[in-house]
Amino acid sequence: MRAVIVAAAVAFIISLFGTPIAIKVFTALKAGQPIRSLGPATHQSKKGTPTMGGVAFIAATVLAYVAGHAALTTLPERQIAQERPTMTALVLLGLFVFCGAVGFLDDFLKVRKSHSGGLSAKGKLLGQLVVGAGFGIAALYVPSTNGQTVASESISFIRDLPWGWADVGKFGSVIIFVFVIMSMSNGVNLTDGLDGLATGASIAVLGAYGLIGFWQYRHWCGDTDYARDAAYCYQVRDPLEIALIAAAAAGACLGFLWWNTSPARIFMGDTGALGLGGLIGGLAMATRTTLLSIIIGGLFVIITMSVVIQIISFKTTGKRVFRMSPLQHHFELAGWSEVNIVVRFWIVAGICVATGLGLFYSDFLAVMG
């Protein structure tokens with residue numbers, strides 16, 4: 001627990017005091033956010049606000065991970081089996097950094113062209129596909145000394161599903177891995193439309209995965225002292241690493257939120273949104289909670305579905321279900337203030353996270369009871 005707390009605290013401090021530096025740098029570079037002319041009229045006042053802020057909390061997370069590992073050296077011998085960086089850490093942080101890099105390229109092109117169109121949709125999806133496939137292969141084809149891989153060959157809910165059809169093999173699991181990464185990346189990106197909205201929702205989801213990772217570490221099949229007498233343990237790889245990285249990312253986002261809340265001094269941009277989505281998708285795969293992530297990240301799913309529904313409805317009937325999609329803009333045009341929308345959507349995100357954690361814990365109680 002000490003290492004997890006250290007990582008979260010260090011990430012928070014670095015992000016809180018490092019983000020103003022990013023604001024000054026991106027302002028000096030004239031890296032202002034272009035605003036779509038088709039968006040809500042109230043957003044035009046945000047034109048020129050520095051973007052690419054995701055760089056700040058991604059860097060803070062990586063540095064905090066190093067600090068968390070330094071704290072591990074003070075723990076008893078049984079607890080430092082994960083003292084050195086693991087494949088799990090390389091996959092999770094790699095997804096965070098490289099999905100963020102795809103977003104950074106998109107942001108850079110927007111700033112350079114002074115236009116809201118950066119990478120083409122196909123280009124952005126291709127970048128996500130390449131990153132997801134690369135780390136998906138690493139997650140499925142690079143086992144530890146005991147044969148455990150970062151991701152599982154089975155479809156999972158709270159743990160791997162026991163039914164035969166759920167066993168999709170390595171290749172099938174890589175495909176699912178890529179789908180989850182791309183879905184979460186785009187889900188967070190679509191949610192990032194109002195000041196602090198995606199940041200606050202991501203904090204809740206990352207906090208949940210920090211708790212899940214630590215709970216799995218305390219009831220880990222890799223801990224022979226626990227597994228020997230336990231009726232139930234979690235077949236995951238490096239759960240302490242999962243908890244440490246999730247907590248660090250949550251702390252980094254919390255520090256960033258200080259500057260990103262309304263009125264935002266800086267936007268995370270696609271750099272932050274795609275990076276966070278990639279990390280959250282990776283956490284879902286690493287903790288064997290792939291289907292549960294639909295509930296934990298429920299706000300991202302709801303907002304993504306609003307876009308899908310809008311597109312299908314318009315193409316098939318010529319009519320729009322919402323005034324504008326994603327969903328948050330529908331409520332803007334309905335007259336809700338930006339702050340009201342953000343806070344209420346945070347509440348929805350909190351309910352989704354609480355429901356997901358409740359289901360996760362109830363499974364443990366059902367087995368142990």
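Me: In the predicted model, is the crossing of α2 and α3 left-handed or right-handed?
Reply: The model is a predicted one, and in it helix α2 (residues 54–72) packs against helix α3 (residues 87–113) with axes 11 Å apart and an angle of about 165°. That angle makes α2 roughly antiparallel to α3, since an angle over 145 degrees counts as roughly antiparallel. The hand of the crossing of α2 and α3 is left-handed.

Me: How many nonpolar, polar and charged residues does the contact of α2 with α3 have?
Reply: On the α2 side the contact is made by Val55, Phe57, Ile58, Thr61, Val62 and Tyr65, and these meet Ala89, Leu93, Phe96, Val97, Gly100 and Phe104 in α3. Sorted by class, the contact of α2 with α3 has no charged residues, two polar and 10 nonpolar.

Me: Are α4 and α5 oblique or roughly antiparallel to each other?
Reply: The axes of helix α4 (residues 121–141) and helix α5 (residues 169–191) come within 8 Å and cross at roughly 135°, and the crossing is right-handed. Because roughly antiparallel would require an angle over 145 degrees, the relation of α4 to α5 is described as oblique.

Me: How do the residues of the contact of α4 with α5 divide into nonpolar, polar and charged, and what is the number of charged ones?
Reply: The residues of α4 in this contact include Lys124, Leu125, Gln128, Leu129 and Phe135, while those of α5 include Lys170, Phe171, Val174, Phe177 and Ile181. The residues of the contact of α4 with α5 divide into 14 nonpolar and seven polar, and the number of charged ones is two.

Me: What radius of gyration does the protein have, beside that of a compact globule?
Reply: The C-alpha atoms fill a box of roughly 60 × 50 × 35 Å along the principal axes, and buried residues make up 55% of the 369 residues. Of the contacts with a separation of 6 or more, 76% are accounted for by residues 24 or more positions apart. A compact globule with 369 residues would have a radius of gyration near 21 Å, which agrees with the value of the protein, 20 Å.

Me: Which residues is aspartate 106 in contact with, leaving aside its neighbours within four places in sequence?
Reply: Aspartate 106 has its place in helix α3, and its relative accessible area of 0% means that aspartate 106 is buried. Leaving aside neighbours within four places in sequence, the contacts of aspartate 106 are Gly118, Leu119, Lys124 and Asp270.

Me: What distance separates the C-alpha atoms of methionine 1 and leucine 240?
Reply: Methionine 1 is found in the segment before α1 (2–28) and is partly exposed, with a relative accessible area of 46%. Along the chain, methionine 1 and leucine 240 are 239 residues apart, yet their C-alpha atoms are separated by 8.8 Å.

Me: Where is proline 263 found, and what is omega for the peptide bond from serine 262 to proline 263?
Reply: Proline 263 is found in the loop between α8 (239–260) and α9 (269–286). Most peptide bonds are trans, but the bond from serine 262 to proline 263 is cis, with omega near -5°.

Key:
Residues are numbered from 1 along each chain as its sequence is written. This is a predicted model: local features need pLDDT of at least 70, side-chain atom pairs count only at pLDDT 80 or more; totals for chains, interfaces and linings use all residues. Side-chain values use heavy atoms; hydrogens and water are left out. Axes are lines fitted to C-alpha atoms, for helices over the stretch in contact, and angles run from 0 to 180 degrees between N-to-C directions. Helices (H or I, at least four residues) and strands (E, at least two) are DSSP runs, numbered from the N terminus. Angles under 35 degrees count as roughly parallel, over 145 as roughly antiparallel, 65 to 115 as roughly perpendicular and the rest as oblique. A crossing is left-handed if the near helix is turned anticlockwise from the far one by less than a right angle, and right-handed if clockwise. Contact means heavy atoms within 4.5 Å. Ala, Val, Leu, Ile, Met, Phe, Trp, Tyr, Cys and Pro count as nonpolar, Asp, Glu, Lys and Arg as charged, and the others, Gly among them, as polar. The radius of gyration is taken over C-alpha atoms; the globule rule is 2.2 Å times the number of residues to the power 0.38. Buried means under 20% relative accessible area, exposed over 50%, partly exposed in between (1.4 Å probe, protein chains only).
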